[in-house]
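Subject: Structure handover

Hello,

Here is the structure for you to look at. My notes follow below it.

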Amino acid sequence: MKLTIAPTKQQLRTWMEMFVPHHELFFVEENELASFKIELTAVLVVPIKEFMAHGEYKRLQLANSYLYWNIASGLSHVIVAPPEWIERLDAAKKQRLFERQVRADRGLVFPLEMLPDAPADYTVEVDGFSYAVVQHAMWQRLSTGAKERFLKEYLLLWDRPESYALPQNAPKHLKAFANRYSSSHGGNCLSAALFAASRQDWIAGEWVHPETFWNSVQRLGFVQSNKAPDRGDIAVWCNKKGVVQHASYCLGGGLYFNKNGQTFFNPWKIVDEQELNGVWGHLSKTVYTLPKAFM
């Protein structure tokens, strides 16, 4: 049976508080720094290579909000500023900086139609299109209703809310997670598969990387199999270099316990094999099963 899932009111409130970090990040080219010479005395200007290697700036909330993986190449520095800095910037410089963020493909920049309540001083037009540039102070000025409407629309860009009901014969520990959103970033596809296999609830919220995943799969006793995935198996999709890109826990009957990413916009949900193959079918799929001795 198909159903539609949605975040709870409390989760939406939590998302509102976490969605826009207190760290304000502005990605720029080196030749643009001179026009902000005076204003840069109140901020940190971090070379992009140093920024990407910095433990503080690699935090999951910052990465997920600003979408580091989308940032355009050729940018040399990141302006790290407190929320009040952008408020003090004069209008012309503010607009130039916002235009650069649009062209940089930075996160927290949205088509204006997604956020029509955005204050005018946080909007910018680039190549004939209007955008809202979300910053901490600006986000605080929006009403709770405007934030909620936006977040409900934005989450649809990350994952479809359609899901299957958890099968009655599914492991009981999945019930508290299946077809639910998280209140925090972190848990990804690999942790979801390991949680389902290990029955350790806390693992569901961890951001698990490939080597840790493989070590855990081996320690749990799973072995590679040539059979079609069945109840209790883990299906793994790898790229040509053998690096795991996705994993999902099989519930049998063509259904899987699955999570598509590490953001709180990616729910734990029940999906069918057709959906998984539609997204990951271009990769190499391998099935790992648990021998009877380990059951």
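A contact here means heavy atoms within 4.5 Å. Helices (H or I, at least four residues) and strands (E, at least two) are DSSP runs, numbered from the N terminus. This is a predicted model: local features need pLDDT of at least 70, side-chain atom pairs count only at pLDDT 80 or more, and totals for chains, interfaces and linings use all residues. Residues are numbered from 1 along each chain as its sequence is written, and side-chain values use heavy atoms, with hydrogens and water left out.

**Overall**

The protein has 10 helices and 14 strands. Its C-alpha atoms fill a box of roughly 70 × 40 × 35 Å, taken along the principal axes. Of its 295 residues, 54% count as buried. Buried means under 20% relative accessible area, exposed over 50%, and partly exposed in between (1.4 Å probe, protein chains only). The protein exposes about 14600 Å². Carbon and sulfur atoms supply 52% of that area. The areas come from the Shrake-Rupley method with a 1.4 Å probe; for residues, only the protein chains shown count as cover. Take the contacts with a separation of 6 or more: residues 24 or more positions apart account for 68% of them.

**Cores**

A nonpolar core is a set of buried Ala, Val, Leu, Ile, Met, Phe, Trp, Tyr and Cys residues joined through side-chain atoms within 4.5 Å. The largest one has 60 residues. Phe19, Phe27 and Trp85 have the most contacts inside it. Apart from it lies another core, of 32 residues, including Phe222, Val236, Leu255 and Trp268. In soluble globular proteins, nonpolar side chains tend to be buried together.

Phe27 is worth a look. Leaving out residues up to four places away in sequence, Phe27 touches Ile48, Phe51, Tyr68, Ile71, Leu75, His77, Val78, Arg100, Gln101, Ala104 and Arg106.

**Helix H1**

H1 spans residues 9-18. Its buried residues are Gln11, Leu12, Thr14, Trp15 and Met16. They pack against helix H6 (136-141) and H7.

**Charges**

There are 32 positive and 30 negative side chains. The centres of the two sets lie 7 Å apart. Lys and Arg count as positive, Asp and Glu as negative; His and the chain ends are not counted. Each charge is placed at NZ of Lys, CZ of Arg, CG of Asp or CD of Glu.

The structure holds 19 salt bridges. A salt bridge is a side-chain nitrogen of Lys or Arg within 4 Å of a carboxyl oxygen of Asp or Glu.

- Asp127 and Arg103: the closest N and O atoms are 3.1 Å apart. This pair links distant parts of the chain, 24 residues apart. Asp127 sits in the loop between strand S6 (123-126) and strand S7 (129-133), Arg103 in helix H5 (residues 91-103). Asp127 is exposed at 58% relative accessible area, and Arg103 is partly exposed at 37%.
- Lys152 and Glu148: the closest N and O atoms are 3.3 Å apart. The two are 4 residues apart in helix H7 (residues 144-154), so about one helical turn separates them. Lys152 is partly exposed at 42%, whereas Glu148 is buried at 11%.
- Glu162 and Arg160: the side chains meet at 3.5 Å, N to O. Glu162 is partly exposed at 30%, as is Arg160 at 44%. Salt bridges that share partners join Asp159, Arg160, Glu162, Lys269 and Glu275 into one network.

Best wishes
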